[in-house]
Amino acid sequence: MSALTGHRHLALLFFLVLCCLRCLAQTPTPPTTLRPSPSSSPSPRPQTEKLKVRLAGFPRKHNEGRVELFYKGEWGTICDDDFSISNANVLCRQLGFVEATGWTHSAKYGQGQGKIWLDNVQCGGGEQSVGACKSRGWGNSDCTHDEDAGVVCKDERIPGFVDANVIEAHVDENKLEEVRLRPVVAAAKKRLPVTEGVLEVKYKDGWAQVCAAGWTVKNTRVVCGMLGFPHERKVNKNFYRRLRKRAAERVSRSKVNPSAGARLFLERQKNVYRVHSVACTGTEVHLAACSMEFNGPNNTASCRGGSPVVVSCAPGALFMPQHASLKMKPKTSSNVRLKGGAHLGEGRVEVLRGSEWGSVCDDRWNLQSASVVCRELGFGSAKEAMTGGRMGQGVGPIYMNEVKCSGHERSIWNCPFKNITSEDCQHTEDAAVRCNVPYMGLENSIRLGGGRTRYEGRVEVLGTDANGTQAWGLICGETWTTKEAIVACRQLGLGYANQANQETWYWDSSNVTEMILSGVKCTGNEMSLTQCQRHKTLNCQKAAAKFAAGVICSETASDLVLNATLVQQSVYIEDRPLHMLYCAAEEDCLSKSAAKANWPYGHRRLLRFSSQIHNIGRADFKPKAGRHSWVWHACHGHYHSMDIFTHYDLLNANGTKVAEGHKASFCLEDSDCQEGVSKRYECANFGDQGITVGCWDMYRHDIDCQWIDITDVKPGNYIMQVVINPNLEVAESDFTNNAMKCNCKYDGHRIWFHNCHVGDAFSEEAERRFEKYPGQLNNQIS
């Protein structure tokens, strides 16, 4: 068959196919079938992949913003045509909020970039995903980005929804993912953190270098911030020139494997780089947010001079070498701190004004302001800015609102902000941050073995055996307490210590049986167990593996704090007859001299006050012991779930205890809760005991044992001290706020409390000058 005949046959076949398709298209639709119009077709969506939704734009709070969807590997927006509150409800639920309170049009939160994925969206309101709603179809839109839709969600989370109240850096993930410094000098590779080296960026096809042409100190600032460093340092160019010169000489003399300097020289000879012409302003939190040029995989464009970028960063005080002199160590801020975070470099932002700490309101809170806080505290730029009390709620004043940092400021106090009025903000709006921190490799010398999850197990540490080789070993559990467990969980990057175990019954999966550490004693602030005290030589009475130290870690924890103002307002003295104190005596709530009294005649003098204990943490406070081990006290008719819940002490001027009381945690329950929070714990009928997040347990002044027996106390000036959870039996995110102190003056007939405050509410200087004068309250004997 000739070529011409073949072509004719192909043409005839093609014509017949076209005719068939046209006939099919003209076939009438059966009456029972409705053909959807382009504006009402369901959005096709693979069932195997969960649709990602996020809020973006500025200015905004965590529960509002421009809607962005992740589809086919790319983020895009939704057009506001036909948008409704029903659409907003579906989207808000996908984001973890209970419902929507409104929606916005015309790119109120700024114009997005990339695709406009959906247009003419019409949800009924009950769909599980916006992808199930009717629309024109994915990527089919006649809109521009000045029509981007947004939503405003009700600031109430769906119970159990994980992600919440986070403002992240929204950058083009197609640019680059992360950065690293590769040290050139061999000695620098052994020290962590790595503060200087050749900059490499991670992209889909691996790691690549950056061309040094046009590189600025502003670019370096952004890179250092990503790596967890607050400041950049000037690179010693002479040092690298000398290395390059020596390397060139060695390369010219020998063809054998080059040294470190020679390797640097060879790297500089490369004329193909992934990234060129980086231009940052210095306030970005990610290098991908800066403008830059990319070379394709096969692009041979050269870099002027052929040099890779070398970056040098200055570490914060926490990450300086231990042998560094005091002059070398940078100063950390004394008027800004982070509270309630599960990991290093995160927490609720608190600032010091005068002598009292307070929090920051989250209105207009963003990554630039959060980065100023992070750098001020010796960390890098902000990885996340969090709102809505995500890191727990503060209890003191709220000092700042609508903080507007540019990102260049040295302190948050240098940023424009508004002062707070009582109507502006509540602690449910406390701002928080999660900062970039340097990689220290601390988790490489510790692990948990035998646990059911990665958050629990027997603590195994890397040590050196008698032969001088490194091997994994156990820690003697005899002195193991919550403080040591706190450090272990922190070193592992697993959050808080939920439980410290002195005996472990975990399955031995690693065959590690030898004790190598004993007498470990930590303050609780260390970054790793190697910074804690320990025996020079092993000294463990119970050396069997089952007596090894273990932990249970948790990403969340409770946080109890006492209402100091209520204590100050409710204090008074009562002379109570002995015949009314039999039950109190049985529960050891009176001073020792009460045993020698002429029962039932006479009385005891009691210092009484109310306690309102709030849980401001991120997990419910529950007794360590299960209900099977609670003790029934028939006299008062209740169960004790903890031996000691609070200590009440009266101290003299030099700190000596002159009188004491205690409160066993009978009836640990939710007396009341803040708006929107439901009670979960009630003691009646042997119910569950605990304190829900956002609730408080009220111990009224007229309850038995809610006092200090001061019968034997002489008139004078004293300090009243209350300590909650004194034995650290239950995990908390912050133990520094468990103590409350008051000035106390007792004249033998009346008592005055003044200056009552939570232990960490004042500055260190104010605590040192803790005043000891009577104050203004005049409470008579009842």
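Twelve aromatic pairs are present in the structure, which is a predicted model. One of them joins W117 and W138 in an edge-to-face arrangement, with 6.2 Å from centre to centre and 70 degrees between the planes. This pair connects distant parts of the chain, since its two members stand 21 residues apart.

**The pair W117 and W138**

- W117 belongs to strand 6, which covers residues 115-118.
- W138 is found in the loop between strand 7 (134-135) and strand 8 (150-153).
- W117 has a relative accessible area of 6% and is therefore buried, as buried means under 20%.
- W138 has a relative accessible area of 12%, so this residue is buried as well.
- Ring pairs also bring Y71 into the picture, linking Y71, W117 and W138 into a cluster.

**The pair W413 and F417**

- W413 and F417 form another aromatic pair that is edge-to-face, with the centres 5.9 Å apart and the planes at 75 degrees.
- W413 is partly exposed, because its relative accessible area is 23%, a value that lies between the limits of 20% for buried and 50% for exposed.
- F417, at 25% relative accessibility, likewise counts as partly exposed.

**Arginine residues over tryptophan rings**

- R54 is placed over the face of W75, and the distance from the ring centre is 3.9 Å.
- R180 is placed over the face of W207, at a distance of 4.0 Å from the ring centre.

Definitions and conventions:
Residues numbered from 1 in each chain as written. Predicted model: local features only at pLDDT ≥ 70, side-chain atom pairs only at ≥ 80, totals over all residues. Heavy atoms only, no water. Phe/Tyr/Trp six-rings, centres within 6.5 Å; stacked < 30°, edge-to-face > 60°. Helix = DSSP H or I, 4+ residues; strand = E, 2+ residues; numbered from the N terminus. Buried < 20%, exposed > 50% of the residue type's maximum accessible area, 1.4 Å probe, protein only. Lys NZ or Arg CZ within 6 Å of the ring centre and 35° of its normal.
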